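Student: Please take one part of this model and go through it closely. Start with how the strands pair, then move on to the other chain.

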Amino acid sequence: MSRIPTPVWALLPIVLLAVLGVALVRGGLLDVLRGGAPPVEALTFERVTLAPDLIRVELVNGGPDPVTVAQVMVDEAFWTFTSRAGTTIPRLGRTTIEIPYPWVEHEAHVVTVLTSTGLTFTHEIAVARATPTPDARYFGVFTLIGLYVGVIPVAIGLLWYPLLRRLERRWLHFVLALTAGLLIFLGADALHEALEAAERVAGAYQGVLLVLVGALGAVLLLQAAAGRRVGAEGPAGRRAVAWLIALGIGLHNLGEGLAIGAAYAVGEAALGAFLIVGFMVHNSTEGLGIVAPVANDRPGLATLAGLGALAGLPTIAGAWIGGLAYSATLATLFLSVGAGAIAQVVVALYRVVARDTRDRPVWTPLTAGGLLTGLLVMYGTGLLVAG
Amino acid sequence: MTDDASTRPVSRRDLVRRGALGLAGVAAASQALRAAERGLPGSVSPHGAHEPGNAVGQGRVSDASIDPMVFLEQFDGGEVSRDAAGRTVREFHLTAVDRDIEVAPGVFYAAWTYNGQVPGPTLRATEGDLVRVHFRNRGTHAHTIHFHGIHAARMDGVFEVVHPGDNFVYEFEAKPFGLHLYHCHAVPLKKHIAKGLYGTFLVDPRTPRPAAREMVMVLNGFDTNFDGENEVYAVNTVPFAYHHEPIVVRRGELQRIYMINLLEFDLINSMHLHGNFFHVYRTGTKLAPDEFTDTLMFCQGERHILEFAYEETGRFMFHAHQSEFAELGWMGLLDVVERVIA
């Protein structure tokens, strides 16, 4: 036994599994096990885009069996179509179907795919409008959206910094707790949206479990990356927490930008002035949260700008990606990473306060009240953006 | 699927050709019309690079259990003999079998059929004939044949359920003359009809109708995903069959269509003829027309004889005036020509 090298012991079960797997597929045993059951078909509309007189549909096969697209209906009419990758989509495969169709601007259209077994998969285009093409104007519009929704509010929130510096310690703890409240709200919001997006992910990609991987992955990565610095005493540790908060909020804003960009691109979001203002009020509290840990440390202007950029700029990147290449899988992953990052930040914030209070209890009426206030502020400003 | 169009990149020329097909069906949907106009060779589309497609689906059906062009004019008079009283006896053989049929290009439906085809064969007798139908059930469910007509209760195909492997002989006098139908009446009724167990039972009057070019059109549809709604609509099972291959008609010749509505799930169906009007013989039970119209409504199981002749040559569309049905397959063309080249 001891003469056999270790790698053999590591590989032996894997090799055996592979052999058994091949035998199962090649040996026809699979057919016996299936017992003549009909194929299970599961198609997901990954992305539907519109160009003049053209509907482009990206389909993903998230089911266990290959699916053949036989016919395509638009608004209850059979229509001609072309497909780039063929009409038979293997498991986890994808294809793009192009339907030359004179769709009507601002109206709803329903695209239905009829498979060779007669099953139908349907997608509703809620408000038809041409999908933006990635030109200069496109990037301009989405940069503007990102600026207004992410960067400007965070920068405005940073302006609370001078106020924070003048606060007594116990009131600073109130603000830190308030920040934690804001973040918990954002985290829950991101998690909720991630789970919603997960519902639209093709079955095989296991949307809900993708949320777990994304969120826990973010927590662990941030923990590993920043663990020691965040745990340090004094200003260095607090600054690390501020950066961590900025990163967490940035990741959250990336997901938010993705959702906004995607909604805007497919014409679902009526991004009226009210909504923009709502997002600005909602997100300006994020700036407050970032500077709260370093309120007494006199960070330079460059540091503040850097913190603001880290938190706000991802919104722009998110809007670009969302408008250009939105997919439910991507959204699920981004949003869950944001949620995980925020969870990690909340833990770090707790440790900042805990270190500062030394041997006195962390939870006082002020800290508990601060956290609750944070939640309520987010809920209140959330009323402005909730659709 | 013999036509591999769906897996082949489509060139601009293909699109132009499809557009021209749309031109043939002039008043299809307005979209089809516009598509056709843009598809005219030499014309430049004002709407960018993408030529609008056509509401006729993709590819062709090749395994529908019937050839719509053959079925259209195929009448089964049965095995003819005379009984002791000198009466004409017509014997028919119908066998229920399960069969997958192609109900749209590349879309297969697990049908229940009479003689392996949907619709079942068009049975034809003359009023007063003795009709004897030898029914064998070789399907997987219990079935019957319920004929519309005047006959004895025990020949009604309702209570005498024929189980798989069993046989039954229906015997009755063909009456009254008119356009009738037959279908399975086993329960659940809706399922047994929707699955394809139906056909035309035509009883001619003793004095024959005037000579005409005769066609059978069974209006039907298929619920391929079992949601209680039809995904596919057709005349004689194959959607767009007579659109892809127009029915050639001689100018001035009397056309007689035996049209039966066997659509399930949708309460009504209809027939609209382009560029012409037709005489309606409701249920075909009279020799004088009831109505002169170009649009006719059919309830489930309702059937009428339509007669018309074209004064002009050219391509004329016929379709359900429910636009949805039309664009989901119930659409066809009559190509009126000076003389038919055999």
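**An edge strand and its surroundings**

Tutor: In this predicted model, β6(B) is joined by 2 bridges to strand β8 of chain B, residues 178-183, and the two run antiparallel. A pair of strands needs at least two bridges, so β6(B) and β8(B) count as paired. His146(B) has His183(B), in β8(B), as its bridge partner.

This pairing belongs to an open sheet of 4 strands in chain B, ordered β4-β9-β8-β6, in which the pairing is mixed. Its edges are β4 (123-126) and β6 (146-147) of chain B, each of which pairs on one side only.

Turning to chain A, the chain is divided into domain 1, residues 43-125, and domain 2, residues 136-385. The C-alpha centres of domain 1 and domain 2 of chain A are 37 Å apart. Their contact takes 8 residues from domain 1 of chain A and 7 residues from domain 2 of chain A. On the domain 1 side, strand β1 of chain A (residues 43-51) gives the largest share, 3 residues. By class, that side of domain 1 of chain A has 3 charged, 3 polar and 2 nonpolar residues.

Last, helix α10 of chain A covers residues 328-357, 30 residues in total. From first C-alpha to last, α10(A) reaches 43 Å, close to the 44 Å expected at 1.5 Å a residue. α10(A) is mostly covered, with 22 of its 30 residues buried. After α10(A) comes Arg358(A), which has a positive phi, near 55°.

Conventions: Residues are numbered from 1 along each chain as its sequence is written. Chains are lettered from A and ligands numbered from 1 in the order in which they are written. This is a predicted model: local features need pLDDT of at least 70, side-chain atom pairs count only at pLDDT 80 or more; totals for chains, interfaces and linings use all residues. Domain bounds come from an automatic or database domain assignment. Two residues are in contact if their C-beta atoms, placed from the backbone, lie within 7 Å. Ala, Val, Leu, Ile, Met, Phe, Trp, Tyr, Cys and Pro count as nonpolar, Asp, Glu, Lys and Arg as charged, and the others, Gly among them, as polar. The expected span of a helix is 1.5 Å times one less than its number of residues. A residue is buried if 20 or more other C-beta atoms lie within 10 Å of its own, exposed if 12 or fewer, and partly exposed in between; C-beta atoms are placed from the backbone.
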